[in-house]
Amino acid sequence: MKDAFGIPQSLLVLGGTSEIALATARRLITRRTRTVWLAGRPSPALESAAAGLRELGADVRTVGFDALDPDGHEAALGKVFAEGDIDMVLLAFGVLGDQSRDENEPGAAVRVAQTNYTGAVSSGLVCARALQTQGHGSLVVLSSVAGERARRANFIYGSSKAGLDAFTQGLGDALYGTGVHVMVVRPGFVRSKMTEGLAEAPLATTPEAVATAIETGLRRRSETVWVPGTLRVVMSALRHVPRGVFRRLPL
């Protein structure tokens, strides 16, 4: 169970090699978290991530999980919940894609959508049902500021995150009053391997800053977290910019 400050004793990460997820796990382990499950495709990177968290004193296990295999989600994640209650699920997997390539290769664009949206819908519902059966727990979903309004530069990725964001908000409403807390996290540009080589956007942040915001959101039982917080004001303004003007902005 979570303590009075909302810190989980047990954590399941979907996307076990995500830099944001691992930064969050490290932060929570230093607080109170003692059991961590890293779900992802079996790989040396996944095992290395698990080993790194074990060095911090946590009991860390791995489980095979593929966002692109929704038929296998119930079996894979069911193994985790069968071992005991999970206080927090962090849905952290996703791909950025290559906009210029994906526009000309529909199959590649579909893979982005299936990973970021379809895979998240499937695994999110599986975990939500398990948390509801427990009667407690938090489902934290990494969305993106890119989902707030589609930009020419990354509308394929942005549209997949827009769908994920809307789904998570609706799921949160569906679970309201059940004891399950659902939180959407909307980071801006995060300096990570995923964005390496890309031009840095204004108000860029780090995995560690996102982890800090997630911890704060858990303590406050927030429903939406922006990272950095000033993006909330920025995006509120950009949502209302006329489309003809918006497409000419250097975003």
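1. In this predicted model, Glu208 is partly exposed, with a relative accessible area of 46%, and Glu208 forms a salt bridge with Arg26 in which the closest N and O atoms are 3.8 Å apart.

2. A search of the whole structure finds 13 salt bridges, and among the residues involved are Arg27, Arg31, Glu215 and Arg219, which are linked in a network.

3. Arg186 deserves a separate look, since its relative accessible area is 7% and it therefore counts as buried, the limit being under 20%. Its side chain meets that of Asp165 in a salt bridge at 2.8 Å, N to O; Arg186 lies in strand S6 and Asp165 in helix H6, so the pair ties together parts that are 21 residues apart in sequence. Asp165 is buried as well.

4. Arg186 also forms a salt bridge with Glu148, at 3.7 Å from N to O. Glu148 sits in the loop between strand S5 (137-142) and helix H6 (155-175), 38 residues from Arg186, and at 18% relative accessibility Glu148 counts as buried.

5. Asp102, in helix H4 (residues 99-104), is buried with a relative accessible area of 2%. Its side chain makes a polar contact of 2.8 Å with the side chain of Arg101, and, leaving aside residues up to four places away in sequence, Asp102 touches Gly97, Ala108, Ala109, Val112 and Ile156.

How values were computed: Residues are numbered from 1 along each chain as its sequence is written. This is a predicted model: local features need pLDDT of at least 70, side-chain atom pairs count only at pLDDT 80 or more; totals for chains, interfaces and linings use all residues. Side-chain values use heavy atoms; hydrogens and water are left out. Helices (H or I, at least four residues) and strands (E, at least two) are DSSP runs, numbered from the N terminus. Buried means under 20% relative accessible area, exposed over 50%, partly exposed in between (1.4 Å probe, protein chains only). A polar contact is a pair of N or O atoms within 3.5 Å; within protein, one must be able to donate a hydrogen and the other to accept it, and residues adjacent in sequence count only if both atoms are side-chain atoms. Contact means heavy atoms within 4.5 Å. A salt bridge is a side-chain nitrogen of Lys or Arg within 4 Å of a carboxyl oxygen of Asp or Glu.
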